[in-house]
Amino acid sequence: MKDLVGIKELSRNEIELILNTASSFKDVLRRDIKKVPALRGKTVVNLFFEPSTRTRTSFELAEKRLSTDVLNFSVPTSSVVKGESLFDTIKTIEAYGVDFIVIRHSSSGAPHFIARNVIASVINAGDGINEHPTQALLDAFSIIEKKGSLEGLNIAIVGDILHSRVAKSNIYLLSKFGANIRLIGPPTLIPDMADHNVEVFYEMDEGLKDADVIMMLRIQMERQGKGFFPSTMEYFKNWGLDMRRLKLAKKDAIVMHPGPMNRGIEISSDVADSGQSIILEQVTNGLAVRMAVMYLLSGRGENV
Amino acid sequence: MYSNMLIKNGHIIDPSQGIDGIGDILIEDGKIVRIEQKSGSLEAKKKKNNDFRTSELPNFQIIDASGLYVIPGLVDMHVHLREPGFEYKETIKTGTMAAVKGGITSVCCMPNTNPVNDNKTVTEFILRKTYAEGSCYVYPIGAITKGQKGEELAEMAMMHEAGCVAFSDDGRPVMSSLIMRRALEYSKALNVPVISHCEDISLSEGGVMNEGRLSAQMGLRGIPYASEDAMVARDIILSELTGGRLHIAHVSTEGSVRLIRQAKERGVRVTAETCPHYFTITEDEVKGYNTNAKVNPPLRTQRDVDAIKKGLKDGTIDVIATDHAPHHRDEKLQEFDKAPSGISGFETALSLSLRLVYEGILTMSQLVEKMALISARILGIDAGTLKVGFDADIAIVDINKEFKVKSENFLSKGKNTPFEGWVLKGMPVITICKGKVYDWRQNE
Ligand SMILES: [Zn+2]
Ligand SMILES: [Zn+2]
């Protein structure tokens, strides 16, 4: 495997390998000295065409823990604003002799386009409304940590599925592992994902019944003006997660959110801060998963 | 530089005269002066052995068309030549040369140039350029509205006088129903069609491919079929209201075919075209974010492809045009969202359309009707026929010749084709246009 452009492109075996490797890296992260020399001498470029603090920080830290040389390239300081094409940008970067390109871009398929045109390994850190594969991998890792496996779990994904690359990657991953996926949200924000064995609920209370996992998605305020829903108040009333609704799920259900959260819009504060929320653990696991992905793409062996 | 020639022993197909058989065509000073059929019609049988004696024609170029089809040069009523303004994509010179290579001898160029062809000065420029550098005939299509902004009617009568044969805001659909109504009304005075690029842009805004499961799965914003169907329905109703002549451009959906069929049954003055890509490939070509398969309207589903083939067969769809839309390589070498829409179509159109004949959907004669005769009739131009007295615009086609599509060999500047590497059967081997003979076999 040269690139990680999406979960769609991965087999179940490849996903399992990543998750097992991540588990070893998580042990490393528990040590006093968290840095390993695994990828010393390798160069990584973080190419972020969209603002992002969380994902970028997580990648950057993962890269440093693996002892790579890190080059950051973000839009405001780049030549992209001067009208350079993406093709020319990546060709220039490739000329530096980089080994990894981590890319976030607002156009779906941009990582695929780059992967076709460079020798370096390309890692998709989120492309348009297509995929965010490392997020889905860390979500799977987090669920397995709590529930043992994915098979047969009732997993509710709630919110703006149409525009969520996190939701898309999760749907592809969970459907490969036999989870029961429920999509919950207003009809305007649920795309046709019928090929991936999902059940759709417009009524949140119904969709949450006996859920093992509740994945909340971030609502983007600008969707309101585009007619996807009338107001954030109405949205929260119908598809926001509060304590009453959380009680409809299984007693030991876990609550996830890729962050950053809109408290009071898609999730109430008491839920976000409750014992059932594993939102902060997701962040830690993200580091281990991203280390594992880079390690494996560099062609390193099966054991850490 | 022969303008006198004899095309011998070809299988002549000319639906305008009901000719479908072996014969000879005699051309003098670039005009067809005689056709002799050797089989088929009774009249021809009576005149058996009334062969041209080549010794009597010393200054004639003899073209042996044995085993080949001889058809009228194709009339492509929907093309983008990009000049003026986008000469880096295509020019009148390169575009018309590519057309001739595709067996096309008359083209109608859409007005979305820079400046827009919304006044007679631009129309005259195009015609002057064609006269100086064009390899085939160019019939400009004027804009419906000034600047294609959809607000005020352009000077249609003056452009018509200057040489525009139809009006269209192709690429930027007329969203105001009132303006479209006025255009259909006003154009009645000129008896020319209004060509509608049917797309409700409020429904398709931001869309880059067909809307459906595949677009959801690729994370690409979709253009629903309803965006086309809704406008087809609106324009049919407006044509009915006004009695104006409506021509629907590039039909891509099952719904459009159904709406046009129903309208024709009611006697509405509507005609329609589709393009080879809409009856040959589906949205699946977009997989892998292939920008060469990005086109507007977008490639649809197998259901739509089947419906369009049915529409071609039963006459609902009158014309096959290319919507030749060349772009520069760098423009297609971009993120899918950013890449412009369009397919460079001249040099594959006839070969792709011949598949309809192999599949038994159209006869050779019906194909020639849809690619030459009917479009010429819709536009009121003297083309698409081999009648005596007409210009000898002729394509000689080898329907058995196989070739591999290689965009690097295109004469068009636009190398943007989703058919790269396809092996196609049937191609023009000789084109005769404006008194010149192009023998494409020589370059092999
Ligand atoms: Zn158009
Ligand atoms: Zn067009």
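## Salt bridges, zinc sites and the chain interface

Lys146(A) and Glu281(A) form a salt bridge in which the closest N and O atoms are 2.8 Å apart, a salt bridge being a side-chain nitrogen of Lys or Arg within 4 Å of a carboxyl oxygen of Asp or Glu. Because Lys146(A) lies in helix α5 (residues 133-147) of chain A and Glu281(A) in helix α12 (residues 279-297) of chain A, the pair ties together parts that are 135 residues apart in sequence. Helices (H or I, at least four residues) and strands (E, at least two) are DSSP runs, numbered from the N terminus. Lys146(A) is partly exposed, with a relative accessible area of 43%, and Glu281(A) counts as partly exposed at 30% relative accessibility; here buried means under 20% relative accessible area, exposed over 50%, and partly exposed in between (1.4 Å probe, protein chains only).

The model is predicted, so local features need pLDDT of at least 70 and side-chain atom pairs count only at pLDDT 80 or more, whereas totals for chains, interfaces and linings use all residues. Residues are numbered from 1 along each chain as its sequence is written, chains are lettered from A and ligands numbered from 1 in the order in which they are written, and side-chain values use heavy atoms, with hydrogens and water left out.

Over all chains, a search of the whole structure finds 38 salt bridges.

| Pair | N to O distance | Separation in sequence |
|---|---|---|
| Lys146(A) and Glu281(A) | 2.8 Å | 135 residues |

Arg165(A) counts as buried at 12% relative accessibility. Arg245(A) is buried, with a relative accessible area of 7%, whereas Asp205(A) counts as partly exposed at 22% relative accessibility. Chain A also holds a network of salt bridges that links Arg56(A), Glu60(A) and Lys64(A).

### The two zinc ions

The zinc ion (ligand 2) is coordinated by His78(B) through NE2, His80(B) through NE2, Asp170(B) through OD and Asp323(B) through OD, at 2.0 to 2.3 Å. Donors are N, O and S atoms within 2.8 Å of the metal (3.2 Å for Na, K and Ca), and since water is not among the atoms, sites may look incomplete. The four donor atoms subtend angles of 84 to 169 degrees around the zinc ion (ligand 2), which makes the arrangement irregular. Four donors count as tetrahedral if all angles lie between 85 and 135 degrees; four count as square planar and six as octahedral if opposite donors are over 155 degrees apart and all others between 65 and 115; anything else is irregular.

The zinc ion (ligand 1) is coordinated by Asp170(B) (OD), His197(B) (ND1) and His250(B) (NE2), at 1.9 to 2.1 Å. Asp170(B) bridges the two zinc ions, ligand 1 and ligand 2, which lie 3.5 Å apart. Because Asp170(B) lies in the loop between β9 and α5 of chain B and His197(B) in the loop between β10 (194-196) and α6 (201-204) of chain B, the pair ties together parts that are 27 residues apart in sequence. Asp170(B) counts as buried at 3% relative accessibility, as does His197(B) at 6%.

Ser168(B) is placed in strand β9 of chain B and counts as buried at 0% relative accessibility. A polar atom of the Ser168(B) side chain lies 3.0 Å from the backbone nitrogen of Asp170(B), and a polar atom of that side chain lies 2.9 Å from the backbone oxygen of Ile195(B).

### The interface of chain B and chain A

Chain B contributes 14 residues to the contact and chain A contributes 23 residues, where contact means heavy atoms within 4.5 Å. Between them the chains bury about 1600 Å², 51% of it on carbon and sulfur atoms; buried area is the accessible area (1.4 Å probe) that two parts lose on being put together, summed over both. In chain B, Arg213(B), Gln217(B) and Glu335(B) lose the most area to chain A, together 37% of what that side buries. Two salt bridges are counted between chain B and chain A, and Arg213(B) forms a salt bridge with Asp195(A), with the closest N and O atoms 2.9 Å apart.

How values were computed
A polar contact is a pair of N or O atoms within 3.5 Å; within protein, one must be able to donate a hydrogen and the other to accept it, and residues adjacent in sequence count only if both atoms are side-chain atoms.
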